Amino acid sequence: MELVQTSNDAITLENKYGAHNYHPLPVVLAKGEGVYVWDVEGKKYFDFLSSYSAVNQGHCHPRIVGALKEQADKLTLTSRAFYNDVLGPYEKYVTEYFGFDKVLPMNTGAEAVETAIKICRKWGYEKKGVAENQGKIIVFDQNFHGRTTTIISFSSDPDARKNFGPYTSGFIKIPYNDPKALAEALKEDGIVGVLIEPIQGEAGVFVPDEGFLNEVASLCKSHNVLFMADEIQTGIGRTGGLLAICGNCDCAGHCEKQSTYATPDLLILGKAISGGVYPVSAVLANDEIMEVITPGTHGSTFGGNPLAGAVAMAALEVIRDEKLTQNARKLGELFRDRMNKFIERTELVTLVRGKGLLNAIVINDTEDSSTAWDICVALKENGLLAKPTHGNIIRFAPPLVMTEEELHSCCDIIESTILEFTAV
Ligand SMILES: *Cc1c(COP(=O)(O)O)cnc(C)c1O
């Protein structure tokens, strides 16, 4: 394989030979370690995106990469035509970790969401008694659950949807963070589930009001519909709880202390469940739900392969052993404290919001201006990588292995860059 010599070469090749389905910041990365990445020319950056929260454990974590290498020398893929000696131990590990009876292993986030939708519909027909093909799932405005044809069928984003129809039917979209709208929608016949991001990441890190998720859970329970939590971006320590639905602890929604449990019926995980080392995703549920899945009803050649199992176990061990959930909580408060003080010194930022180390700042400009993009380019020049999300919003989500001192250095870069920007 021929390697590129310069960043420009790499960008030229991607532009010429790759489909243009992304609009990357003009930086070409060649190496990563912990919270740092290096470009082809050797310039060092703080990663403040963490591959959309897939590398919560930091880049190339030695324990996770070690597990990958060790397993790669033994056995990589059997397909599910046969058993393998890693899948069972992984399934035991991951179900105990999150407190569910069973797991269905897949590879990508979108596949896990598709899996949850299929389980939910089948449960609706076989357990709830909804008439076949009449099941409906409630989703939320501005949702992001992936890119498959079914998932984009209920997206609010015109770029994600336009000219990809005909769309999959059976979804009802309601406003986020509005329990009344949910209660109203649940009155309709044939509802089988509610699919929700506990914090809307892609939409610009929208954190719902305190109590909203518990209300969703209890409304689902009282209407006998499945509560499906898409924790692909928010889970695995990112928001200062093991899952965002946990609030501030490691309970996976099964907290003894909480009076009402926001435990989902279907928990959807992806991204950081592998530490960004290998595509791994999962849907977790208890037996009375998961038992609707029988041989032939669902599957994936790579889902549940031994490499994935070894990597995911190591990645989850790192979260626990290095207390990354707790670190995310502590550093998140520090970050929002500093940004809240900072926004008093600039006209350019109107708001900081988020939870744990999933945060965003809202730029004071029209939605279609390029200010957030321009700030991200300037941040890059100053050694910190972040990306705008929809509208004029910049998401800040560093790896959870960051130290307090490093976080302060990052805040210094963000503040001075934005102040420079104001001066221009
Ligand atoms: C990233 C993401 C997905 C899709 O995951 P892919 O691995 O990109 O398919 C789904 N839901 C949420 C909330 C995400 O952040």
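Glycine 356 takes a positive phi near 55° in the hairpin of β11 and β12, which has 2 residues between the strands. Strands here are DSSP runs of E with at least two residues, helices are runs of H or I with at least four, and both are numbered from the N terminus. The model is predicted, so local features need pLDDT of at least 70 and side-chain atom pairs count only at pLDDT 80 or more, while totals for chains, interfaces and linings use all residues. Residues are numbered from 1 along each chain as its sequence is written, and side-chain values use heavy atoms, leaving out hydrogens and water.

Two strands count as paired if DSSP finds at least two bridges between them. Valine 352 has isoleucine 361 in β12 as its bridge partner.

Elsewhere, an open sheet of 4 strands runs in the order β1-β2-β3-β13, with mixed pairing. Because β1 (29–33) and β13 (384–385) stand at the edges with a single partner strand each, one side of each has no neighbour in the sheet. Inside this sheet, you can look for valine 37 and its bridge partner in β3, tyrosine 45.

Now to the salt bridges, where a side-chain nitrogen of Lys or Arg lies within 4 Å of a carboxyl oxygen of Asp or Glu. The count comes to 14. Here are three of them:

| Salt bridge | N to O distance |
|---|---|
| Lysine 330 and glutamate 404 | 3.7 Å |
| Aspartate 412 and arginine 338 | 2.7 Å |
| Glutamate 415 and arginine 345 | 3.7 Å |

Glutamate 415 lies in helix α14 and arginine 345 in the loop between α12 and β11, so this pair ties together parts that are 70 residues apart in sequence. Salt bridges with shared partners join Arg338, Arg345, Asp412 and Glu415 into one network. Is glutamate 415 buried or exposed? Glutamate 415 is buried, at 10% relative accessibility, and arginine 345 is exposed at 54%. Buried means under 20% relative accessible area, exposed over 50%, and partly exposed in between (1.4 Å probe, protein chains only).

One of its oxygen atoms lies 2.8 Å from a polar side-chain atom of glutamine 233, and a ligand nitrogen is 3.4 Å from a polar backbone atom of phenylalanine 144. Taken alone, the ligand exposes 380 Å², of which the protein buries 81%; these areas come from the Shrake-Rupley method with a 1.4 Å probe.

Key
Polar contact = N/O pair within 3.5 Å; in protein donor to acceptor, adjacent residues only side chain to side chain.
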